[in-house]
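Please open the model in your viewer and follow the stops below, selecting each part as it is named.

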Amino acid sequence: MLEPSREALVSELISSLQKIQLRLGYIPQEAIRWLAEEMHLSEQDIYGVATFYKNFRFTAPGKHQVKMCMGTACFVQGGESLLSATTERLGVEPGKTTEDGRYSLERVACLGCCALAPVSVVDEEIHGKMNQRKMSRLFVQIDKKDREEKKGKSK
Amino acid sequence: MTEDSKRTVFICRGTGCESSKSDVLHKILEEEIKKQKIGKKVEIKKTGCHGFCQQGPIIAIEPEGTFYAMVKDSDIPKIVESHLSKGEPVQDLYYVEPNTGEKIPKYDDIPFYSHQHRLILRNCGEIDPENIDDYIERGGYDGLKRAITEMTPEEVIEEVVNSGLRGRGGAGFPTGLKWKLGRNAPGDQKYVVCNADEGDPGAFMDRSLLEADPHSVLEGMLIASYAISASDAYIYVRHEYPLAVERFKKALEDSTARGLVGKNILGTKFSIKIHIKEGAGAFVCGEETALLASIEGKRGMPRPRPPYPTESGLWGKPTVLNNTKSLAATSAIIAKGAEWFSEVGTEKSKGTAVFALTGKVENSGLVEVPMGATLRSIIYDIGGGIQDDAEFKAVQTGGPSGGCVPADKIDMPVDYDSLTQAGTIMGSGGMIVMDETTCMVDIARYFLSFAQDESCGKCAPCRIGTLQMLETLDKIKAGNGEPRDIETLAELAITVKEGSLCGLGQGAPNPILTTLRYFLVEYEEHINDKKCRAMVCTDLIRFEVDEKTCIYCGACKRICPANAITGEKDVMYVIDQDLCIKCAACFEVCPPKASAVVKASAFEKGGAK
């Protein structure tokens, strides 16, 4: 006997939210409203579940997403110092997006690449054995690329 | 070896090596082999994690057993021309043992591997995880065949009981007994769940296993389902592990196509459906009842036990929950017999333990040792000792629920009971090595802040107690601690430990309790002398430029994100203490020959390094 269909439906809630976030980068209010209707749940029910899990965000992410691993191995290898330098460099606190919408900074729990600590993920690319110099160069490169892109567009 | 013999190149495509661009390396290798027209003599196999991620990207070549570490794009033509074409290994690219400087050509001779005993990781790095035939060739699915065609469920359970396997998730509950409870629980609908929600920071055993040998986990799930007569099995994987999910999905597709998953497997009455669920970033979901709530699509909050999941689990039905490594072990235990496992290890802890060895150790990576191996053999023989010849201070096991074991316990055997006696736990397998540059108050605060942040808020001791402890630690770290704070911390720790509902809260005080027990003097120094001996706690230190050794290169000024450094060629570099955010960027980039940027105690006169 299969579990009742109602239970099966509700058990898809988290994966539905994940699909929405994968497509849109975040979970807008409209999506919650839509999902509530589809699943015959209240918006509160969905928010209740969605806000419990750290992976879900409810505001649009920045153009570049910077995730800094704060797993133990990264912490022991100077991850915290790297984070405070990055916070200062980008002018944004972890969990927030810069005013110009270019960068969002996040501190994340272990990414499981501990042997390469400290680790950062910038725009989905994993950078291992990070240090202050590599980090600073990475942002210089991204800024340069963005400027060129902008120039290309305005031409 | 002659120049004509056929060779196999194993290129590691685990997450570690991929982040060192082994995917690019793989392409270059293919192109180079085509270019040099030796395609017929060479087979390339992509593998999962070899465990020595720090040395990535890793390439191994058989039949010689050559091990090339940290391979660069530009090394590929040499390897192809010399080794693959002419049969002459490239000696310049051999792994160099950090302690002796000796070049070691062969995989099996490298101390990192030669001191290991691989039962659970038996196929990792040896097979292509996306090729089911590779797995079958090494005896894969023999366990399933034996179980469902030759054994009754009771006999399967008996075999697991006899192996002495205890849960690899950390608590160490006997796996066979758990299966027996699940089997005997009344109910016609039962579930098996594989817990791959590896949330402990500093742990990546389950990720590597799923990436390198997904079939072994799947086979374990099938055998467990047969043993308890479950109709459905779930695997709950962390969302942060996309490659592990992808490889498991592929394994599931291939095994379904071969009739190893689905209806009437191998012509028997045994049928099973496998479901994959991804977590969404809540650490507490590693706790079994919280994990089940999450699969049901709810907030992942734990509930009191009993009833245990074996009686009332998923949707209230009997459910057996096992860790990823436990299941990977059972697939081989059934194929090879209980003794294969039980002859390794100690009397009460059978088999092997898998650790993610990281931190300030020379060789970090995934290691598997017999239960009862000493910390010394793990950290020194396999790990190659402490980085930069620094002094070994402590090792942390068990993640945020575990504790720190001091250096003088280095000869302690590593098994469930010894670790518990030392105040920590086996946990799922994180092992983080710390040296003199790690502040024990800071590390205690790190783990506590993790637990506090991840507390689901259901019960007060955990929700409020961890916050109070955190505030006390912050006060001490900031140099505002008072002598009675130590007592307060200890009292709070006991309250939280005894009053919390689940493992997260019960374990959260362990980092505090163990550091208080073994490193009390560091707490006292922070409180009484406003001194952090490891020079870590930012409120107690400052950075200065030593004019005697400064070479005026300006590297510190250029890197400073806070623009706190003034100076130029011939003009003294000075750090403005009001602007300084103490991120240590200047300290890190100052050339070693000068080492002019120094850390000093903020409350002492004169600078010491």
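What is the order of the strands in the open sheet of 4 strands in chain B? Select them and you find the order 9-8-7-10, with parallel pairing; strands (E, at least two residues) and helices (H or I, at least four) are DSSP runs numbered from the N terminus, and two strands pair if DSSP finds at least two bridges between them. Strand 9 (273-278) and strand 10 (319-323) of chain B stand at the edges with a single partner strand each, so one side of each has no neighbour in the sheet.

This is a predicted model, in which local features need pLDDT of at least 70 and side-chain atom pairs count only at pLDDT 80 or more, while totals for chains, interfaces and linings use all residues. Residues are numbered from 1 along each chain as its sequence is written, and chains are lettered from A and ligands numbered from 1 in the order in which they are written.

Next, select strand 8 (residues 232-237) of chain B, which pairs with strand 9 of chain B in the parallel sense over 6 bridges; Tyr236(B) has Lys277(B), in strand 9, as its bridge partner.

Now move to helix 7 (residues 153-163) of chain B, where Val156(B), Ile157(B), Glu159(B), Val160(B) and Ser163(B) are buried, that is, 20 or more other C-beta atoms, placed from the backbone, lie within 10 Å of their own. Just after this helix, Gly164(B) takes a positive phi of about 75°.

Finally, show both chains: 51 residues of chain B are in contact with 42 residues of chain A, contact meaning that C-beta atoms, placed from the backbone, lie within 7 Å.

Note on methods:
Two residues are in contact if their C-beta atoms, placed from the backbone, lie within 7 Å. A residue is buried if 20 or more other C-beta atoms lie within 10 Å of its own, exposed if 12 or fewer, and partly exposed in between; C-beta atoms are placed from the backbone.
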